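Reader: I am new to this structure and would like a close look at a single part of it. Please take the aromatic rings and what surrounds them.

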Amino acid sequence: MTKKQQLIENLKGFKAAYEKMQEEKKKIDSDLGYTQEGKARLISELMEKYEPIVKKYHDTANQIIEDGIVFETMCNSVIS
């Protein structure tokens, strides 16, 4: 799999996680059983739940990009 394909797959995974998080947030926002403070607390907990997931996708994307840059630099120095 190319670096580009790896990055695209990583971004698709991030998008799926983001959409799931947004769906959960909408459920909280639309629930009339919570006060604004209760909603804020639940949304904060939701963000904490997804923080490691988002960080994983961020770190993976950075690594894919860094590896691609290193590979490109190595190829260019071999050619020169």
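Author: A charge sits over a ring if NZ of Lys or CZ of Arg is within 6 Å of the ring centre and within 35 degrees of the ring normal. In this predicted model, the charged end of Lys 56 sits over the ring of Tyr 57, at 4.6 Å from the ring centre.

The chain has two helices and zero strands. Helix H1 covers residues 3-30, and helix H2 covers residues 36-79. Of the contacts with a separation of 6 or more, 66% are between residues 24 or more positions apart. Buried residues make up 18% of the 80 residues in the chain.

Now to the rings themselves. The structure holds two aromatic pairs. One of them is formed by Phe 14 and Tyr 18, which are stacked, with 6.2 Å from centre to centre and 25° between the planes. Both of these residues lie in helix H1, four residues apart, which is about one turn of the helix. Phe 14 is partly exposed, with a relative accessible area of 31%, and Tyr 18 is partly exposed as well, at 41%.

Phe 14 also pairs with Tyr 57, and this pair is edge-to-face: the centres are 6.4 Å apart and the planes make an angle of 75°. This pair links distant parts of the chain, since Phe 14 is in helix H1 and Tyr 57 is in helix H2, 43 residues apart. Tyr 57 has a relative accessible area of 17% and counts as buried, because the cut-off for buried is under 20%. Taken together, Phe 14, Tyr 18 and Tyr 57 form one aromatic cluster.

Asn 10, in helix H1, is buried, with a relative accessibility of 8%. Leaving out residues up to four places away in sequence, Asn 10 touches Tyr 57, Thr 60, Ala 61 and Ile 64. Val 54 lies in helix H2 and is partly exposed, at 36% relative accessible area. Phe 14, Tyr 18 and Val 54 make a nonpolar surface patch of about 240 Å².

Terms used: Residues numbered from 1 in each chain as written. Predicted model: local features only at pLDDT ≥ 70, side-chain atom pairs only at ≥ 80, totals over all residues. Heavy atoms only, no water. Buried < 20%, exposed > 50% of the residue type's maximum accessible area, 1.4 Å probe, protein only. Contact = heavy atoms within 4.5 Å. Patch = residues over 30% accessible without salt bridge, like charges linked within 9 Å, V, L, I, M, F, W, Y side chains within 5 Å. Areas by Shrake-Rupley, 256 points an atom, 1.4 Å probe, with all protein chains shown as cover. Salt bridge = Lys/Arg side-chain N within 4 Å of Asp/Glu carboxyl O. Phe/Tyr/Trp six-rings, centres within 6.5 Å; stacked < 30°, edge-to-face > 60°.
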